[in-house]
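Hello,

Here is the structure I promised to pass on to you. Please have a look at it first, and then read my notes below.

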Amino acid sequence: MTDVPTRYLGELAVSAQGLGCMGMSHGYGATDDAQSIATLHRALDLGVTFLDTSDFYGFGHNEELIGRAVAGRRDEVVLATKFGFANRLGEPTSIRGDAAYVRQACEASLRRLGVDHIDLYYQHRVDPQVPIEETVGAMAELVRAGKVRHLGLSEAGARTVRRAHAVHPISALQSEWSLWTRDLEAEVAPVCRELGIGLVPFSPLGRGFLTGRYNSLDGLAETDVRRGQPRFADGNLERNLAIVAKLEELAAAKSVTAGQLALAWVQHRGEDVVPIPGTRRQRYLEENLAALDVELTPEDLAAIEAAAPAERIAGDRYDANSLTFVNG
Ligand SMILES: NC(=O)c1ccc[n+]([C@@H]2O[C@H](COP(=O)([O-])OP(=O)(O)OC[C@H]3O[C@@H](n4cnc5c(N)ncnc54)[C@H](OP(=O)(O)O)[C@@H]3O)[C@@H](O)[C@H]2O)c1
């Protein structure tokens with residue numbers, strides 16, 4: 001493994017691959033803080049210094065966990081967190097982007113993280129009730145107050161990105177982007193590129209599915225959010241496995257894993273792209289990091305894309321309720 005290169009999200013320098021920390025608190029079954037902290041320390045030691053969290057992940061648990069892990073190493077880390085979900089998991093979705101909420105959420109995140117500033121502060125979902133100018137105006141005040149360094153949006157639509165950027169430079173757009181979710185390529189990514197906004201693909205491994213690790217739901221905890229996601233539903237899951245089988249074949253021909261191939265494909269989307277694969281385990285962290293060394297030719301990229309054509313992906317990426325809050 002060579003040194004982890006640097007990429008830029010707007011003017012923010014980050015490691016070319018980040019670490020998604022959500023699963024350490026939320027969504028993917030049982031968690032183990034000691035294991036997660038060891039993984040976070042290993043990430044920093046290896047040069048993966050761009051950490052992704054949210055106040056929503058474990059309702060503060062994830063930010064507190066990261067705060068503990070980076071205590072004493074703050075200067076090595078680019079900390080990204082998010083605000084916007086005012087509900088708990090399982091409760092009806094409540095998105096808030098009003099100025100008072102933005103200020104209050106930031107204070108709470110700073111306290112839980114145990115830091116005096118956040119490097120990249122994202123709005124997790126656009127609040128349909130509040131003009132984006134109000135939300136980003138409040139976020140810009142946080143920059144002026146020194147509490148936040150750079151601003152980001154997550155799952156914002158192209159028009160919203162433009163309006164937001166007119167209020168204050170947006171450094172990064174974080175949205176789902178992987179071999180089986182390519183929605184943002186048509187409109188949102190071109191607008192980001194025009195405006196110099198970096199792209200942060202979340203769930204770049206298709207929530208783990210593209211690694212070939214899940215042949216059924218059997219190993220998933222009852223509380224695992226993937227049980228409610230259409231692509232993992234009975235019937236769809238079996239159809240989607242055909243895509244993974246093809247990826248595994250292509251990966252074997254290059255002596256890498258299917259997960260590494262899927263990640264390398266995302267890394268090859270451009271110099272302004274910084275995926276944040278999520279894992280709780282050092283073994284996967286190391287495997288994912290090694291994907292930075294996988295070189296793909298135009299022929300490789302075409303073969304990979306041919307293995308996962310949009311019309312063969314069975315099921316939406318989110319349930320019907322969650323879909324109403326993306327591309328906002
Ligand atoms: N902005 C948003 O709305 C939003 C939404 C979702 C996620 N995110 C962010 O994006 C990050 C990544 O997304 P994600 O965690 O949903 O999905 P992901 O990165 O596509 O996949 C994570 C899943 O894959 C497993 N995994 C990781 N590397 C693996 C490997 N090499 N081999 C086998 N399995 C592997 C993980 O298992 P283990 O955990 O067991 O290691 C976990 O179950 C999150 O952590 C979060 O920070 C943001």
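Let me begin with a term that you will meet several times: a residue is called buried if its relative accessible area is under 20%, exposed if it is over 50%, and partly exposed in between, using a 1.4 Å probe and the protein chains only. What you see is a predicted model, in which local features need pLDDT of at least 70, side-chain atom pairs count only at pLDDT 80 or more, and totals for chains, interfaces and linings use all residues. Residues are numbered from 1 along each chain as its sequence is written, and side-chain values use heavy atoms, with hydrogens and water left out.

**The sheet**

Helices (H or I, at least four residues) and strands (E, at least two) are DSSP runs, numbered from the N terminus. Two strands pair if DSSP finds at least two bridges between them. Seven strands form an open sheet with parallel pairing, in the order E3-E4-E5-E6-E7-E8-E9. Its edges are E3 (19–20) and E9 (198–202), each of which pairs on one side only.

With E7 (residues 148–154), E6 pairs in the parallel sense over five bridges, and Ile-118 faces Val-148 as its opposite number.

How does the chain cross from E6 to E7? It passes through helix H4 (residues 132–144), in a right-handed β-α-β crossover. Right-handed here means that, with the strands pointing away from the viewer, the path from the first strand over the helix to the second runs clockwise. E5, helix H3 (residues 99–113) and E6 also make a right-handed β-α-β unit.

Further along, E7 pairs with E8 (residues 172–176) in the parallel sense over three bridges. In that pairing, Gln-174 of E8 is the bridge partner of Ser-154.

**The ligand**

Ser-154 also brings us to the ligand: an N or O atom in its side chain is 2.9 Å from a ligand nitrogen atom. Such a polar contact is a pair of N or O atoms within 3.5 Å; within protein, one must be able to donate a hydrogen and the other to accept it, and residues adjacent in sequence count only if both atoms are side-chain atoms. Oxygen atoms of the ligand lie 2.8 Å from a polar side-chain atom of Arg-125 and 2.5 Å from one of Thr-279. On its own the ligand has 910 Å² of accessible area, and the protein covers 97% of this (Shrake-Rupley method, 1.4 Å probe; for residues, only the protein chains shown count as cover).

**Two loop residues**

Is Asn-87 buried or exposed? Asn-87, in the loop between E5 and H3, has a relative accessible area of 7%, so this residue counts as buried. A polar atom of its side chain lies 3.0 Å from the backbone nitrogen of Ser-94, and one lies 3.5 Å from the backbone oxygen of Glu-91. Not counting residues up to four places away in sequence, Asn-87 touches Phe-56, Phe-59, Pro-92, Thr-93 and Ser-94, where contact means heavy atoms within 4.5 Å.

Thr-31 is in the loop between E3 and helix H1 (33–46). With 36% relative accessibility, Thr-31 is partly exposed.

Enjoy exploring it!
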